[in-house]
Amino acid sequence: GRELGLTTREFALLAYLAVASPPGYHRRDTILALFWPELGQERARAALRQAVHFLRRTLGAGAVHSHGAEDIGLGDGVVWCDGRAFNEALAHGDPADALALYRGDLLDGFGVSDASGEFDTWLEAERVRLRARAIDAGWYMFPNPK
């Protein structure tokens, strides 16, 4: 995030769009509740528009797509994310590639002090989910460890 000049919140938004399940588009209202809970609806939407504008300017116009007025998602191939690649490898039935990508907890040590507690709850749930999927992939690859 620092190399791109992203704020902690912008980086967290980018990570959320890259990893949140199911992949694809996510509701603006959900994103507002996660990242700008302290603002009223109008100001929160303006903050989200500003963050999306900055991501598009920094990563390219196709970085963030809108789907109608209420959904946004990352453009395909704009950002590579190990968490997303891990999920895709498992979806394609390739646990070996998935395990090669798994290096520990998602955004270990990362937090957004001025986001909602719901973001922390989401992040911890994603960590647990990805860890469990990695364990399952390991058991699949090595069913009879000795």
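Tyr-16 is buried, with a relative accessible area of 7%; buried means under 20% relative accessible area, exposed over 50%, and partly exposed in between, with a 1.4 Å probe and protein chains only. The structure is a predicted model, in which local features need pLDDT of at least 70, side-chain atom pairs count only at pLDDT 80 or more, and totals for chains, interfaces and linings use all residues. Residues are numbered from 1 along each chain as its sequence is written, and side-chain values use heavy atoms, with hydrogens and water left out.

**Tyr-16 and helix 1**

- Tyr-16 belongs to helix 1; helices (H or I, at least four residues) and strands (E, at least two) are DSSP runs, numbered from the N terminus.
- Apart from neighbours within four places in sequence, Tyr-16 is in contact with His-26, Thr-30, Ile-31, Leu-34, Phe-35 and Trp-122, where contact means heavy atoms within 4.5 Å.
- The C-alpha atoms of Tyr-16 and Ala-69 are separated by 19 Å, and the two residues are 53 residues apart along the chain.
- Helix 1 covers residues 8-19, and its 12 residues reach 16 Å from the first C-alpha to the last, close to the 16 Å expected at 1.5 Å a residue; the expected span is 1.5 Å times one less than the number of residues.
- Helix 1 is largely enclosed by the rest of the structure, because 10 of its 12 residues are buried.
- Among the buried residues of helix 1 are Arg-9, Glu-10, Leu-13 and Val-19.

**Helix 1 against helix 3**

- Two packed helices are described by the angle between their axes and the distance between the axes.
- The axes of helix 1 and helix 3 come within 10 Å and cross at roughly 80°; axes are lines fitted to C-alpha atoms, for helices over the stretch in contact, and angles run from 0 to 180 degrees between N-to-C directions.
- Helix 1 is therefore roughly perpendicular to helix 3, a term for angles of 65 to 115 degrees, while those under 35 count as roughly parallel, those over 145 as roughly antiparallel and the rest as oblique.
- Glu-10, Leu-13 and Leu-14 of helix 1 meet Leu-48, Ala-51, Phe-54, Leu-55 and Leu-59 of helix 3.

**Arg-45 in helix 3**

- Arg-45 lies in helix 3, which covers residues 41-59.
- The side chain of Arg-45 makes a polar contact with the side chain of Asp-29 at 2.9 Å; a polar contact is a pair of N or O atoms within 3.5 Å, and within protein one must be able to donate a hydrogen and the other to accept it, while residues adjacent in sequence count only if both atoms are side-chain atoms.

**Helix 6**

- The end C-alpha atoms of helix 6 (residues 117-141) are 36 Å apart, which agrees with the 36 Å that its 25 residues should span at 1.5 Å a residue.
- Trp-122, Glu-126 and Arg-127 are among the buried residues of helix 6.
- The elements covering the buried residues of helix 6 include helix 1, helix 2 (28-35), helix 4 (82-91) and helix 5 (95-101).

**Backbone features in loops**

- Most residues other than glycine have a negative phi, and most peptide bonds are trans.
- The peptide bond from Ser-21 to Pro-22 is cis, with omega near -5°, and Pro-22 sits in the loop between helix 1 and strand 1 (26-27).
- Leu-107, in the loop between helix 5 and helix 6, has a positive phi near 45°.
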